[in-house]
Amino acid sequence: MTGLSPLPAVEGLGESVLAALAGMPDPAGAAHTSQFEQDLTEAFASRNAVAVSSGTTALHAALAAAGVGPGDEVLVPALTVVMTAAPVVQLGATAVFVDSDPANLDLDYTDAAAKVTDRTKAIVPVHLWGRMGDPASLRVFAAERGLTVIEDAAQAAGTSRAGVMAGAVGAAGCFSMKDGKILWSGEGGFVLTEDPALAAHARAFRSHWLQPPPGSRPQEQLALNGRLAEPLAALAQANLRRFPALLERRRAQTTYLLRALDGVRGLTPLQTATDETWNHYAPLLHIGPPNPRAFAEHLAQLGVPSSTGTFRLVPCDTRPMFASGDQAPCRGAAQILDHTLALVLTEHDDEAALDRYAAVITREAAAWSE
Ligand SMILES: Cc1ncc(COP(=O)(O)O)c(C=O)c1O
């Protein structure tokens, strides 16, 4: 089997962080954050970028900037992590969970349409595992109902569909740089938007409504401290320079592992859409045999990490804080999660690690009879 390209060089990361430390402490300092934002606008061809402390904060700031507040409803796929819904609730709005289509992982627009009310303000599509639904369908759905689209592109940096980049479908795209994301800074996130007013709102929101330069204007609203710390901004900047190589590394790793698992009993790779350029965030396999979730958990116990087996990812509508019993469960989302082995990779996974995963999965799939 052909090998992976080498791990993209890490030497520059430490130097960048040290350069940021050399300028500290500086109570008003944000030079690395500003430069990182500038670099983001170039790398993602976006007019505005706002760096924040996490993907959750990116969603919080963007939803606040879109005017989401008490009394509003926001459509959120059940096929997501709880961090997508948490900012909606923090803003006093209600998350209304929408199902997904097991055939293609895209939103179930019939279900979404049935859940729109006159209080629905926004929709937050989630590009889980870097997979992206059809942007045209989403735009039409939202435009016909007057909904703002705020994308949860936390896992989708580098994905595009029909020529539209993940995070550029709607009013704002929200990204995470938590460890494990292809573009990472330990903790961190950013908002991309073409709308300067939305960017200005998000920028003020992440910093207690302080407008630059500090002290120039009274703070007119209460907000948050959601700033990206300067050393992490420097780290993010250095990783952004490596981003093409990091994307290539993930593509090679995912392709390598899927090839190694070709023909394994009961496991079938999920197909991308023909117009989708996937960032290969996680090798995705449909688990055919009985008790698929137990199979993923069993693999996790043997050291093969996955979304359901390791992180126990369940549909968001079934989590205790949302499971009111008022709405029918999102069965498509449950089916997708139960039957998908989404393997967790990092840039450090080399051939030996991937061969080990492949050997364990192959052996256990052959023996699985539960
Ligand atoms: C789909 C999705 N949305 C939101 C988040 C939240 O990002 P963060 O952990 O940076 O707050 C994550 C991160 O794990 C995620 O995977």
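**The domain boundary and the core**

The protein is divided into domain 1 (11-240) and domain 2 (243-367), with bounds that come from an automatic or database domain assignment. This is a predicted model, in which local features need pLDDT of at least 70 and side-chain atom pairs count only at pLDDT 80 or more, while totals for chains, interfaces and linings use all residues. Residues are numbered from 1 along each chain as its sequence is written.

The pLDDT, the predictor's confidence in each residue from 0 to 100, averages 96 over the protein, and 99% of the residues score at least 70. Confidence is lowest in helix α1 (residues 11-22), with a mean of 93, and highest in strand β9 (residues 189-193), at 99. Helices (H or I, at least four residues) and strands (E, at least two) are DSSP runs, numbered from the N terminus.

Taken over C-alpha atoms, the centres of domain 1 and domain 2 are 25 Å apart. Across the boundary, 35 residues of domain 1 are in contact with 31 residues of domain 2; contact here requires C-beta atoms, placed from the backbone, within 7 Å. On the side of domain 1 that touches domain 2, the elements giving two or more residues are β2 (73-77), α4, β3 (94-98), β6 (160-161) and α8. By class, that side of domain 1 has 20 nonpolar, 10 polar and 5 charged residues. Ala, Val, Leu, Ile, Met, Phe, Trp, Tyr, Cys and Pro count as nonpolar, Asp, Glu, Lys and Arg as charged, and the others, Gly among them, as polar.

The largest nonpolar core has 108 residues, and those with the most contacts inside it are A62, V76, I150 and V191. Such a core is a set of buried Ala, Val, Leu, Ile, Met, Phe, Trp, Tyr and Cys residues joined through C-beta atoms within 7 Å; buried means 20 or more other C-beta atoms within 10 Å of a residue's own, with C-beta atoms placed from the backbone. Helix α8 (residues 230-260) gives the largest share of this core, 10 residues. Because domain 1 (11-240) and domain 2 (243-367) both give residues to this core, it lies between them.

Leaving aside its neighbours within four places in sequence, I150 is in contact with residues including L59, A62, L63, A122, V124 and C174.

Methods. Buried ≥ 20, exposed ≤ 12 C-beta atoms within 10 Å, placed from the backbone. Contact = placed C-beta atoms within 7 Å.
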